[in-house]
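This briefing goes through selected local features of a single model, grouped by topic. Please read it alongside the sequence and the coordinates.

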Amino acid sequence: MSLHEIHSSLRKVVQREKDHDGPLSIVGTMALLSAVAGVLLAAIFIPGTALLASTVNNLSNDIVNLPLELKDQPSAQTTRLLASNGDLIAYFYEENRQDIPLAKISPLMQNAILSIEDARFYDHGALDLKGTLRALVNNASQGQTQGGSSITQQLVKLTLVSQATTKKQRLAAIKKSTARKIRELKLAIEYEEDHTKKEILERYLNLAYFGDSAYGISAASYHYFSVSPAKLNVRQAATLAGLVKNPVEYDPGVYPEKALARRNTVLAVMARLGKITEADAKRHKAAPLGLKITKFPNGCVSTVAEFSCDYVRRYLLTQGALGATVEERQRALERGGLTIKANIDVRMQKAANKAVQDTVKAKDSGAIGAIAMVEPGTGKVRSLAQSRPMGGNKKKGQSFINFVVPRQYGDSGGFPAGSTFKMFTVAAALRQGIDVGQTFRSPARMIVPAGSYFACNGGGTAAWPVKNSTTSGTKNLYSATRESVNTYFAQLEKKAGLCNTVRAAEAMGITVPDRDHVGPFTLGVTDVSPLDVAASYATPASGGLYCKPRPIDTITDANGQVIKKYQPVCERAMNEEQAAQINDILRGVQEPGGYGYQNGTGLTVPSAGKTGTTEDNMAVWYAGYTPDVATAAMIAGVKKNGSPGSLVNATINGRFLDFDTVGGSSLAGPMWAKAMQALDEHLPGAPFDTPPARRSPVPADNPHRR
């Protein structure tokens, strides 16, 4: 007998009895139940292959493709992103769920769910014959699906839905039909043969949906009452037990009156079954719901570290440890119950957040402020912050573009870095053996003839007219760097070699396209991100090691097993003496007479830095560091679509910017200072290594804006 024939037989029996006026007679009822029981038992014992054959003509392929046996596959679990100190940053999930053992679920909760859903759970097998017969009779007579399923049958349905791999299969798993009911019943019988009642109840409570994105009893307990499942009281347990029948209709946050009535129904049933006294039930019914909602936001929006979080998320999607494809990694991230321990330092993150938000406002449409912090010697990414909060509401200044990281992780193409690139020219010069006392006559303007520089492919460069925007005169490596003298660096780059300068930048993590192998390379024509710059400036701070930015410390699976422990990936970009020399040269920017210092960037601990302003005023920078943290601060002009634009005529925090006010030391420097000075007292204050040589810089003539 096929399932279609079973369903038709039930309808005929019911219709025959309904042809008689009035309710079913006792004889009719007994006949009906006998008929139902007969066809039901016949269906139950249809072999799996026969069941498949009998349904193939009556069901969609998606129903047929549902499994004929259940496997205990892990259900979707919530992944947690933690800061370096263990503080929670964010959740990632397809379904917000954290499985727990039955022993950690309050007995009151167990009693409540069984009282309202399956009071005879421990007394019957997979089939509660009374409930199932009632449901099948009503389905046959009314063409509807009625309750009556045992906990095990419900678990089968929940499992089929959870394990469905397509939308059609998910719909098939909940389709209202006698065929689906009998399939579930066969699976339930087989499941009970291999599992204890406690195992079934535990899996059911972990799999059930309680509404408002709370999957499983753990998520529901914390969401609705902010307590662990072990500490649920009888009112809370009754409220949650009442939700599984219809989580939307009884949602206490949306329909509190319905939720209260449903809770009281559960309390009444518990009293009738002797799980609580009638007096207790009466007292509890008179009490309010007592909700204490805890939100479990999905993703990075509105977290304390929005763009650090998003960087971690997108970085994870590149990691083979989570799967061979992006789709597999996404699934692992959103269903795997992972614990991701990031290198985010919460104190540094908050300092960076406040610095950018106090300097550039979210609605400053013509500008973006951004800060990146990296730990020298390890590459740990300690914080990323920007002035535009994460989101899609452009009227509020929100954006999903992460302007702090390279394009592959944030969709921003970066911004020219200005004179921060002079550090690479210094590094190339030292590597070529050029003495720090090397002087050049550095006029206010000069034209570097064509063919003065040679790219790494051997090609020459065009003539380059270069001018200063700070001081002029005879300079050495110390004074020219402190005063950011363009014409000095044009000559130093020629002496050190353009290709050597490019290679120095690349050794410190900068990607340089061929088109940027030009004379003005030393003035920062290459588009980079604040994270790129922070990581490169961490190189001299570490004693010469360039370490790739590393956002993650460890990935742990749902069972506490470490999937991957990330180690520093570092290469020596310069020797220790060269690093010490660069540190000593750049200290001058942070000390009296330096352009940073005169704009308030000084710290109480040893520090070094470099200003940066692009020739076209598209971005201003301040890159500075201590031995413990390298920080890059950037304020850049942006158009409505997020692409680079000029800062001239933009307004930041109510301040109109003209040509003379757009400067790295005067705009980005104070923002850098706000972040670093908030951390000053917490930094160890270790000194830089002693350099092999020192030179007294020539006093500045007319310090301006570099």
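Predicted model: local features only at pLDDT ≥ 70, side-chain atom pairs only at ≥ 80, totals over all residues.

Which residue in S3 is the bridge partner of leucine 82? The bridge partner is lysine 341, and this pairing belongs to the contact between S1 and strand S3 (residues 339-342), which run in the parallel sense over three bridges.

**Strands S1, S2 and S3**

- Strand S1 (residues 79-82) is joined to strand S2 (residues 88-92) by four bridges, and these two strands run antiparallel, whereas the pairing of S1 with S3 is parallel.
- S1 and S2 form a hairpin with five residues between them, and in the turn glycine 86 has a positive phi of about 95°.

**Strands S13 and S14**

- Strand S13 (residues 552-556) and strand S14 (residues 562-565) also run antiparallel, and three bridges join them.
- Threonine 556 is placed opposite valine 562 in S14.
- The hairpin of S13 and S14 has five residues between the strands, and glycine 560 in this hairpin takes a positive phi near 85°.

**Helix H23**

- Helix H23 covers residues 530-541, twelve residues in all, and spans 17 Å from its first C-alpha to its last, which is close to the 16 Å expected at 1.5 Å a residue.
- The helix is mostly covered, with twelve of its twelve residues buried; among them are Pro530, Asp532, Tyr537 and Pro540.
- Just after H23, glycine 543 adopts a positive phi of about 95°.

**The second largest pocket**

- The second largest pocket has a volume of about 910 Å³, and of the 41 residues that line this pocket, Gln73, Pro74, Ser75, Gln77 and Asp99 are the closest to its centre.
- The elements that give two or more residues to this lining are helix H7 (151-163), helix H10 (197-207) and helix H16 (326-335).
- The largest share of the lining comes from H10, which supplies six residues.
- Sorted by class, the lining of the second largest pocket holds 13 nonpolar, 16 polar and twelve charged residues.

Notes. Residues numbered from 1 in each chain as written. Heavy atoms only, no water. 1 Å grid on protein atoms, 1.4 Å probe; cavity = no way out; pocket = protein on both sides within 12 Å on 5 of 7 lines; lining within 4 Å. Points joined across faces, edges and corners; volume = space filled by probe spheres on them. Nonpolar A, V, L, I, M, F, W, Y, C, P; charged D, E, K, R; others polar. Expected span 1.5 Å × (residues − 1). Buried < 20%, exposed > 50% of the residue type's maximum accessible area, 1.4 Å probe, protein only. Pairing = 2+ DSSP bridges.
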